[in-house]
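Q: I'm new to this one. Can you walk me through a few parts of it?

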Amino acid sequence: MSRVGRTPIPVPSGVEVKIADRQVAVKGPKGSLERAIPGVISISQVGDELVVERPDDERTNRAQHGLTRSLVNNMVLGVTQGFTKELEIVGVGYRATPKGTSTLELALGFSHPVQIDAPDGVNFECPTPTQIIVSGIDKELVGQVAANIRKIRKPEPYKGKGVRYKGERILRKAGKTAK
């Protein structure tokens, strides 16, 4: 039995879960999310907990058991607490400028500023010009938007300039040596 899959998901007060026709809909104080349940995995609500079960120990069912439990748990956490990813910008003249909560303008050493529009449900914050906070209720979407921002100018290994996740360590290379 999957250690992750067999753990019940606690449903806090104020969160409403609807399970119907291979769909799970979770509604909470921060918003609502909906997802299709893969394969033959079943989800049932017992009291104030959700239980994810699989019919047999077939390889694909074992793989989807823990995955489904994690996805539904992330939905419940997202509508109650939300998710954030923090990015840091390192480099002379590199900066981020917010244009409202859904648009971000990045100056990353290109000949033009790069404009990024947030998809629905994702917000940008810039406490300082070298710090970006991506937040939202969908963990997958928040992580993908943060990865797309990082992809614009990845940290390079010689001086470490670029966009990186907060706390990310960049392995530095030695430069050329003079003879």
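The chat below takes up some strands, a serine and the salt bridges.

A: Keep in mind that this is a predicted model.

Q: Ok. Which strands are joined to strand 6 by bridges?
A: Strand 1 (residues 9-10) is joined to strand 6 by two bridges, and these strands run antiparallel. Strand 5 (residues 42-46) is joined to strand 6 by five bridges, again antiparallel.

Q: Which residue in strand 6 is the bridge partner of proline 10?
A: Glutamate 49 is the bridge partner of proline 10.

Q: And what about serine 44, what is its partner in strand 6?
A: For serine 44, the partner is valine 51.

Q: How many residues sit between strand 5 and strand 6?
A: Two residues lie between them, and the two strands form a hairpin. In the turn, glycine 47 has a positive phi of about 65°.

Q: Which residues of strand 6 are on the covered face?
A: Leu50 and Val52 are on the covered face of strand 6 (residues 49-53). The uncovered face has Glu49, Val51 and Glu53. In a regular strand, side chains alternate between the two faces of the sheet.

Q: Switching topic. Where is serine 135?
A: Serine 135 is in strand 12, which covers residues 131-136.

Q: Is serine 135 buried or exposed?
A: Serine 135 counts as buried, because its relative accessible area is 14%, and the cut-off for buried is under 20%.

Q: What does serine 135 touch?
A: Leaving out residues up to four places away in sequence, serine 135 touches Phe83, Thr84, Gly121, Val122, Asn123, Glu125 and Val142.

Q: Now salt bridges. How many does the structure hold?
A: There are five salt bridges in the structure. One of them pairs the side chains of glutamate 168 and arginine 150, at 2.7 Å from N to O.

Q: What does the pair of glutamate 168 and arginine 150 tie together?
A: Glutamate 168 lies in the segment after strand 13 (162-165) and arginine 150 in helix 2 (residues 139-152), so the pair ties together parts that are 18 residues apart in sequence. Glutamate 168 is partly exposed at 23% relative accessibility, and arginine 150 is buried at 18%.

Q: Which residue does arginine 54 meet in a salt bridge?
A: The side chain of arginine 54 meets that of aspartate 57, at 2.9 Å from N to O. Arginine 54 is buried, with 13% relative accessibility, whereas aspartate 57 is exposed, with 54%.

Q: And glutamate 16, what does it meet?
A: The side chain of glutamate 16 meets that of lysine 18 in a salt bridge of 3.5 Å, N to O. Glutamate 16 is partly exposed at 42% relative accessibility, and lysine 18 is exposed at 53%.

Note on methods: Residues numbered from 1 in each chain as written. Predicted model: local features only at pLDDT ≥ 70, side-chain atom pairs only at ≥ 80, totals over all residues. Heavy atoms only, no water. Helix = DSSP H or I, 4+ residues; strand = E, 2+ residues; numbered from the N terminus. Buried < 20%, exposed > 50% of the residue type's maximum accessible area, 1.4 Å probe, protein only. Contact = heavy atoms within 4.5 Å. Pairing = 2+ DSSP bridges. Salt bridge = Lys/Arg side-chain N within 4 Å of Asp/Glu carboxyl O.
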